[in-house]
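Could you walk me through this structure? I'm new to it and would like a plain tour of what is packed inside and what pairs up with what.

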Amino acid sequence: MTHKDLEVYKLSLNRVEDIYKLTKDFPASENFGLTFQLRRAAVSLPSNKAEGSSRGSTKDFIQFLNMASASLAEIETQLVIAERIGYITFDDALQNNIITIRKMLYRLKQALNKKLSK
């Protein structure tokens with residue numbers, strides 16, 4: 001099994017696409033601000049899963065999953081900011097996607113921690 005087989009990885013790739021589509025209509029003045037930050041955090045989400053799983057160590061994988069969780073928190077915060085300044089509507093579907101990924105990351109980290117403690 002590789003990172004490509006993980007459902008959370010696949011969902012994260014979908015979120016990257018969503019973020020790129022969402023930010024394409026942001027003002028040009030945001031190209032090096034909120035647009036860049038959102039896209040960077042979105043790309044980090046699946047990238048950290050891929051890098052962590054390829055390290056060959058469960059401990060390293062957990063560390064990279066923690067970084068993916070941090071990227072997800074960044075995305076959520078930046079989407080709230082984008083909504084507050086009137087660029088988007090941070091709707092329930094978007095929030096539910098974030099919650100789903102957060103739960104999946106948590107469960108994966110729990111399973112890996114159990115593996116470590118054996």
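This is a predicted model: local features need pLDDT of at least 70, side-chain atom pairs count only at pLDDT 80 or more; totals for chains, interfaces and linings use all residues.

The largest nonpolar core is made up of 30 residues, and the ones with the most contacts within it are Val 8, Leu 38, Ile 75, Leu 79, Ile 101, Leu 105 and Leu 108. Which elements give it two or more residues? Those are α1, α2, α3 and α4, and α3 gives the most, with 8 residues.

Take Val 8 as a way into that core. Setting aside residues up to four places away in sequence, Val 8 touches Lys 49, Ile 101, Met 104, Leu 105 and Leu 108. Ile 101, Leu 105 and Leu 108 are also on the list of residues with the most contacts inside the core.

Now follow α4, which runs over residues 92–117. This helix has 26 residues, and from its first C-alpha to its last it reaches 37 Å. That is close to the 38 Å expected at 1.5 Å a residue. Which residues of α4 are buried? They are Leu 94, Ile 98, Ile 101, Met 104, Leu 105, Leu 108, Lys 109 and Leu 112. Look at how those numbers are spaced, with this in mind: an α-helix has 3.6 residues a turn, so residues three or four places apart point the same way. The buried residues of α4 pack against α1, α2 and α3.

Over in helix α2 you'll come across a proline, Pro 46. Is Pro 46 buried or exposed? With a relative accessible area of 4%, Pro 46 is under the 20% cut-off, so it counts as buried. Leaving out neighbours within four places in sequence, Pro 46 is in contact with Tyr 9, Ser 12, Leu 13 and Val 16. As for Thr 2, it sits 44 residues from Pro 46 in sequence and 13 Å from it in space, going C-alpha to C-alpha.

Next, have a look at Glu 76, whose place is in helix α3. Its relative accessible area is 19%, and because buried means under 20%, Glu 76 falls into the buried class. Beyond its neighbours within four places in sequence, Glu 76 is in contact with Phe 90, Gln 95, Ile 98 and Arg 102. With Gln 95 there is a polar contact, side chain to side chain, at 2.8 Å. With Arg 102, Glu 76 forms a salt bridge, and the closest N and O atoms are 2.6 Å apart. What about the exposure of Arg 102? At 34% relative accessibility, Arg 102 counts as partly exposed.

Side chains of opposite charge can pair when their charged atoms come close. Searching the whole structure turns up 5 salt bridges. One of them joins Glu 74 to Arg 40, with the closest N and O atoms 2.4 Å apart. This pair, too, links distant parts of the chain: Glu 74 belongs to helix α3 and Arg 40 to helix α2, 34 residues apart. Both partners are partly exposed, Glu 74 with a relative accessible area of 27% and Arg 40 with 30%.

Another salt bridge is formed by Asp 25 and Lys 24, where the closest N and O atoms are 3.6 Å apart. Here both partners are exposed: Asp 25 has a relative accessibility of 62%, and Lys 24 has 56%.

The last stop is a pair of rings. How many aromatic pairs does a search of the whole structure find? It finds 1. The rings belong to Phe 26 and Tyr 87, with centres 5.0 Å apart and planes at 45°, so the pair counts as tilted. Phe 26 is in the loop between α1 and α2, while Tyr 87 is in the loop between α3 and α4, so that the pair links parts of the chain 61 residues apart. Phe 26 is buried, at 8% relative accessible area, whereas Tyr 87 is partly exposed, at 28%.

Terms used
Residues are numbered from 1 along each chain as its sequence is written. Side-chain values use heavy atoms; hydrogens and water are left out. Rings of Phe, Tyr and Trp (its six-membered ring) pair if their centres lie within 6.5 Å; planes under 30 degrees apart count as stacked, over 60 as edge-to-face and the rest as tilted. Helices (H or I, at least four residues) and strands (E, at least two) are DSSP runs, numbered from the N terminus. Buried means under 20% relative accessible area, exposed over 50%, partly exposed in between (1.4 Å probe, protein chains only). A nonpolar core is a set of buried Ala, Val, Leu, Ile, Met, Phe, Trp, Tyr and Cys residues joined through side-chain atoms within 4.5 Å. Contact means heavy atoms within 4.5 Å. The expected span of a helix is 1.5 Å times one less than its number of residues. A polar contact is a pair of N or O atoms within 3.5 Å; within protein, one must be able to donate a hydrogen and the other to accept it, and residues adjacent in sequence count only if both atoms are side-chain atoms. A salt bridge is a side-chain nitrogen of Lys or Arg within 4 Å of a carboxyl oxygen of Asp or Glu.
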